[in-house]
Every structure is written in structure tokens, then in C-alpha cells.
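Student: I would like to go through this model by question and answer. Please start with how its parts meet.

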Amino acid sequence: MNGQAMRERPLSVLWLQSGGCGGCTMSLLCAESPDLMTLFETAGIRLLWHPSLSEESGAEALDLFERILSGAEPLDVLCVEGSLLRGPNGTGRFHVLAGTGRPTIDWARDLAAVAGNVLAIGTCAAYGGITAGGENIADACGLQYEGTQRGGALGGEFRARGGLPVVNVAGCPTHPNWVTESLMLLAEDALRPEDLDVYQRPRFYADHLVHHGCPRNEYYEYKASAEKPSDLGCLMEHLGCLGTQAHADCNTRLWNGEGSCTRGGSACINCTAPGFEEPGHPFQQTPKFAGIPIGLPTDMPKAWFVALASLAKAATPERVRRNAAADRIVVPPTVRPTRKG
């Protein structure tokens with residue numbers, strides 16, 4: 001697939017939904033500026049079929065699948081939402097594609113084999129996610145990962161016809177722009193192996209941290225911490241926030257134009273990472289050893305954090321200290337002239 005070929009015809013996309021809640025599709029429908037269908041039209045993206053959005057069903061959908069598998073209908077991108085279910089006993093029959101008698105995992109494997117590129121939409125499709133949590137009685141896995149381990153439904157060595165491994169557009173759910181931007185990059189033949197991080201997430205969002213742009217950063221700098229969810233302070237020390245470790249641009253690429261988890265008062269649970277569903281402790285609790293959070297900010301040695309935290313807390317302004325434990329600004333910043341002389 002090359003840029004010239006993509007200019008001659010739209011990028012064709014087929015979307016499958018497997019073992020998940022459908023939340024990534026719900027998120028995708030919130031795309032704005034422009035809306036989803038306008039974006040597809042202007043970006044030259046043709047949605048061949050989506051089980052929740054397309055009129056075609058039954059025999060019409062199966063006919064499309066057969067045309068793709070025979071090569072009569074080119075498939076540039078296969079998008080899979082939800083984890084792949086291998087149970088029971090490796091048969092995949094916990095999830096049979098309606099009207100086909102065949103497990104969805106088998107359809108995903110066959111379609112991936114002829115697709116130019118394969119996108120795992122959401123953390124379930126990427127790594128197993130929520131569906132693979134607990135005892136994982138459905139034997140759920142991601143397309144090319146099972147948690148942090150390569151393998152999954154397609155195998156660790158899988159490469160699509162275009163040369164890329166599975167592109168893991170991870171998130172629970174994904175931001176709509178992570179999906180549309182990935183598709184637009186593929187439409188321009190502008191996504192390379194080096195554009196993916198170590199877990200095969202697109203680096204345009206995975207090279208950022210949720211911490212970047214967080215409105216609670218002043219509280220973080222002074223280690224002025226919230227004690228309960230309604231407080232304004234930093235959520236890292238007591239309430240389980242992983243924003244300093246989570247790879248995503250949630251606080252600079254806002255959700256629905258204005259929000260994020262931390263802006264809404266909820267700790268970041270690192271939902272773009274494999275294994276986020278089982279952190280080993282309650283999501284809203286920070287595990288500690290000798291009073292120090294176990295999960296330290298990315299790239300920060302423990303000794304540095306301890307020294308920084310001690311200095312920061314000693315220097316915390318009274319305004320920041322009091323506001324951190326309140327649900328609104330109780331002490332406004334002092335008004336001072338900034339012009340000297």
C-alpha cells in the first residue's frame with residue numbers, strides 16, 4: 001500500500017466487535033470538529049461495515065466478508081474492538097459470529113491475513129483488558145498480546161500485508177481522535193514501525209503522560225494531596241492516581257472538548273497499559289511502603305522523589321495546602337503587581 005494508491009481510492013475499513021462492552025464505538029461516535037462521518041468523507045476513509053453502525057446485516061455482511069477473503073473487495077484496515085475469546089478449551093465458541101456458526105476469533109484471523117493493516121481498538125483488543133481480568137474463564141486475549149506478553153490471537157510474529165504489526169490503539173475506552181488520527185495516518189501511508197512504542201501504541205499519543213496538562217499540577221509540585229475524591233489536591237499520594245506513569249495525552253487532548261478523568265475528580269487508572277485491569281489494589285487507593293508510594297513517577301529514582309517530596313511539602317504555601325483539602329478554592333491567589341519600578 002502506498003500514498004499514491006490511497007489517493008486513487010478511499011481507505012477501506014472493516015470493523016469487528018468481539019469480547020467487550022462496545023464502549024470504544026460509543027466513544028468514537030463522540031468525535032467532533034469534524035464529526036465522525038464528515039471526517040471519514042473528507043479524509044478519504046470508506047467504512048465498509050460496522051456491526052453497530054451499518055445497515056447491512058446477515059447475508060449481506062457475510063457476502064462482504066467472502067468478497068474480502070476472495071480478494072474481490074480490497075481491505076486496507078481491519079479494526080477489531082473487544083478481546084478475542086479462545087474458550088472453551090481453545091474452540092473459540094464462547095463467541096460465535098451471529099449467523100455464521102464460526103467463532104469470531106476465526107473470522108478475525110482470516111480477515112487479518114488479507115488486511116493491509118490491523119488496528120486493535122481499545123485495551124481489550126490490544127491486551128485482553130477488562131474481559132481478561134479475574135480468572136479469565138473465557139480465555140480472552142488481545143490480537144497480538146496477552147497482557148504484557150506478545151502472542152495473543154494472531155501470534156507475536158504477525159505482520160499485516162502493509163508490514164506493520166497490530167497497531168494497538170489502547171484505552172478504555174479509546175479517545176475518538178486516537179482512532180481517527182491512526183486511520184488518517186494509514187490513509188497517507190504515514191505510519192511506520194518506529195511510530196509505535198514498545199507496546200505497539202501509536203506514539204503520537206503514547207509518548208505523552210496523562211500528567212502533562214493536568215490542572216492539579218500545582219498541587220503535585222508541592223505534594224499537596226487530596227484526602228477524598230471531592231478535594232482539589234493531587235490524587236497521586238492517597239487516591240491511586242497513575243497520571244505520572246500513564247502514557248496518554250488525556251489532559252492536552254481533552255475528551256468531549258473539555259474533560260478528562262483527573263479534571264472530573266477521578267484518579268487516572270492507566271487504562272492504556274496492559275494489565276491495568278488488575279493493579280493488585282483498589283483503583284482509588286495508593287499502595288505505599290514506609291509511607292512512600294510504590295508507583296513513582298516515570299523516570300524518577302526513589303531517592304530523588306523522597307528528597308523532592310520533603311522539600312516541596314516544607315515549601316507548600318498555605319493557600320495551596322488549604323485548597324488541596326477543599327472542594328473549591330477557599331484561598332485565592334494574592335493579587336500583586338507584576339510590573340517593577
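Student: What area is buried between domain 1 and domain 2?

Tutor: The model is predicted, so local features need pLDDT of at least 70 and side-chain atom pairs count only at pLDDT 80 or more, while totals for chains, interfaces and linings use all residues. Residues are numbered from 1 along each chain as its sequence is written, and side-chain values use heavy atoms, with hydrogens and water left out. Buried area is the accessible area (1.4 Å probe) that two parts lose on being put together, summed over both. Carbon and sulfur atoms give 58% of the area between domain 1 and domain 2, and the total is about 1,700 Å².

Student: How far apart are the centres of domain 1 and domain 2?

Tutor: The domain assignment (automatic or from a database) gives domain 1 as 11-205 and domain 2 as 208-326. The contact (heavy atoms within 4.5 Å) takes 25 residues from domain 1 and 17 residues from domain 2. Taken over C-alpha atoms, the separation of the centres of domain 1 and domain 2 is 32 Å.

Student: Which residue forms a salt bridge with Glu181?

Tutor: A salt bridge here is a side-chain nitrogen of Lys or Arg within 4 Å of a carboxyl oxygen of Asp or Glu. Between domain 1 and domain 2 the count is 1 salt bridge. With the closest N and O atoms 3.1 Å apart, the partner of Glu181 is Arg253.

Student: Which helix gives the most to the side of domain 1 that touches domain 2?

Tutor: Helices (H or I, at least four residues) and strands (E, at least two) are DSSP runs, numbered from the N terminus. On that side of domain 1, α6 (123-127), α7 (176-187) and α8 (203-206) each supply at least two residues. The one that gives the most, with 4 residues, is α7.

Student: How many charged residues does the side of domain 1 that touches domain 2 have, by class?

Tutor: Ala, Val, Leu, Ile, Met, Phe, Trp, Tyr, Cys and Pro count as nonpolar, Asp, Glu, Lys and Arg as charged, and the others, Gly among them, as polar. That side of domain 1 has 11 nonpolar and 11 polar residues, and the number of charged residues is 3.

Student: How many residues apart in sequence are the parts that Asp139 and Arg86 tie together?

Tutor: The whole structure has 18 salt bridges, and one of them joins the side chains of Asp139 and Arg86 at 2.9 Å, N to O. Asp139 lies in the loop between α6 and β6 (140-141) and Arg86 in the loop between β4 (84-85) and α5 (104-114), so the separation of the parts tied together is 53 residues.

Student: In which loop is Pro34 found?

Tutor: Ser33 and Pro34 are joined by a cis peptide bond with omega of about 5°. Pro34 is in the loop between α2 (23-28) and α3 (36-43).

Student: What is the phi of Asp189?

Tutor: Asp189 lies in the loop between α7 and α8. Asp189 is not a glycine, yet its phi is positive, at about 55°.
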